[in-house]
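Reader: I'm new to this, so please pick the inside of this protein and go over it slowly with me. Tell me what's there and what's around it.

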Amino acid sequence: MKPRDHNDRRPRVGLAYGPGLTEFIGAHPGWVDYIEIPFEQLRHAPALGALRDTAPLILHCASLSVAGFVPPSPGTVAAVADHARITGTPWIGEHLAFIAADPVADEPTAPSTTLSYTVCPQMSEQTVERVAENLAALRSRLPVPLILENSPQYFAVPGSTMDMSTFIAAVVERCDVDLLLDLSHFLITALNTGADPLREIDRLPLERVVEVHLSGLNRQSGVVWDDHANPAPELLFELLERVMQRAQPQALTLEYNWSAHFPWPVLRDHIDRARTLLHSA
Ligand SMILES: [Fe+2]
């Protein structure tokens, strides 16, 4: 594949950082437009910043707890800002999730609990307001825009007054924020909540999508889970085609970063298919 021209403004296709990535890029010049790298990995292994010599970097993040009531420490926010400058990322993709939670009520001196970005927040007006306050506090401290990634939903979240699509639309309207649409998270949510994904996708504010994520899924004990070691199923490409009827994303990241043995023929095929869909819109 021909190396990309700097003046080419068409949407880019990148890969999430993981085992085997540099070998794949080395063997496939011109196939990968950028590498998406988690802030948390860069913070603990700053030498990974040298990947910038291999491909442009986009910074991903799971530390800002934008839908939570426990704010990130000033040191963490400053470190995210530093890595945004060092990587030259055009934006920071952060999860619409809470990463830390208050200690339980009868143990007020206990430390806050650290969770994973995969825990969907309570979807309510109160959380929408909380996201607005958190974003207002963060935006002035970061050198590039934050865009928000939809969480996967694995169970009915207590206290929720909205479904996921309504919640995302409410956050976008209240906060005037762009989206990182994780299509796999979206499909997981639809399947786990009994919604029709091909109808549900039209309820999202797709005009605000700046970046798309694609990965695989698997089903265990009746629940559909995120799986970055598996290829995206056919339905996700169908959904991507629907998304492209309304959205103009600037980037699509294939998140196949949980396995060092992800098959290269599948990777090549999915890069090719994603690029064709992005460029044909
Ligand atoms: Fe994602």
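Author: A cavity is a set of points on a 1 Å grid over the protein atoms alone where a 1.4 Å probe fits but cannot get out, and its lining residues have an atom within 4 Å of a point. Its volume is the space filled by probe spheres set on the points, which are joined across faces, edges and corners. This is a predicted model, with local features needing pLDDT of at least 70 and side-chain atom pairs pLDDT 80 or more, while totals for chains, interfaces and linings use all residues. Residues are numbered from 1 along each chain as its sequence is written, and side-chain values use heavy atoms, leaving out hydrogens and water.

Now for the holes. How many cavities of 30 Å³ or more does the structure hold? There are 2 of them. The largest cavity takes in about 130 Å³ of space. Its lining is made of 15 residues, and if you want to find its centre, look for P19, G20, L21, Y256 and L267, which lie nearest to it. (Helices here are DSSP runs of H or I with at least four residues, strands are runs of E with at least two, and both are numbered from the N terminus.) By class, 11 of the lining residues are nonpolar, 4 are polar and none are charged. Ala, Val, Leu, Ile, Met, Phe, Trp, Tyr, Cys and Pro count as nonpolar, Asp, Glu, Lys and Arg as charged, and the others, Gly among them, as polar.

The second largest cavity has about 50 Å³ of space. You'll find L96, L148, E149, N150, I168, L179, L180, L181 and L204 around it. Strands β7 (146-149) and β8 (179-182) are the elements that give two or more residues here, and β8 has the largest share, with 3 residues. This lining splits into 7 nonpolar residues, 1 polar and 1 charged.

Helix α8 (residues 234-244) and α9 have axes that come within 10 Å and cross at roughly 20°, so α8 is roughly parallel to α9. (Axes are lines fitted to C-alpha atoms over the stretch in contact, with angles from 0 to 180 degrees between N-to-C directions; under 35 is roughly parallel, over 145 roughly antiparallel, 65 to 115 roughly perpendicular and the rest oblique.) On the α8 side, E234, F237, L240, E241 and M244 meet H270, R273, A274, L277 and L278 of α9; contact means heavy atoms within 4.5 Å. That contact has 6 nonpolar, 1 polar and 3 charged residues.

Helix α8 also packs against helix α6 (residues 183-193), at an angle of about 110° and with the axes 10 Å apart. This pair is therefore roughly perpendicular. Here L183, S184, F186 and L187 in α6 touch L235, L236, L239, L240 and V243 in α8. The classes are 8 nonpolar, 1 polar and no charged residues. Notice L240: this α8 residue meets α9 and also belongs to the contact with α6.

From α4, T127, V128, E129, V131, A132, L135 and R139 meet F167, A170, V171, R174 and C175 in α5. Those residues divide into 8 nonpolar, 1 polar and 3 charged.

Key:
1 Å grid on protein atoms, 1.4 Å probe; cavity = no way out; pocket = protein on both sides within 12 Å on 5 of 7 lines; lining within 4 Å.
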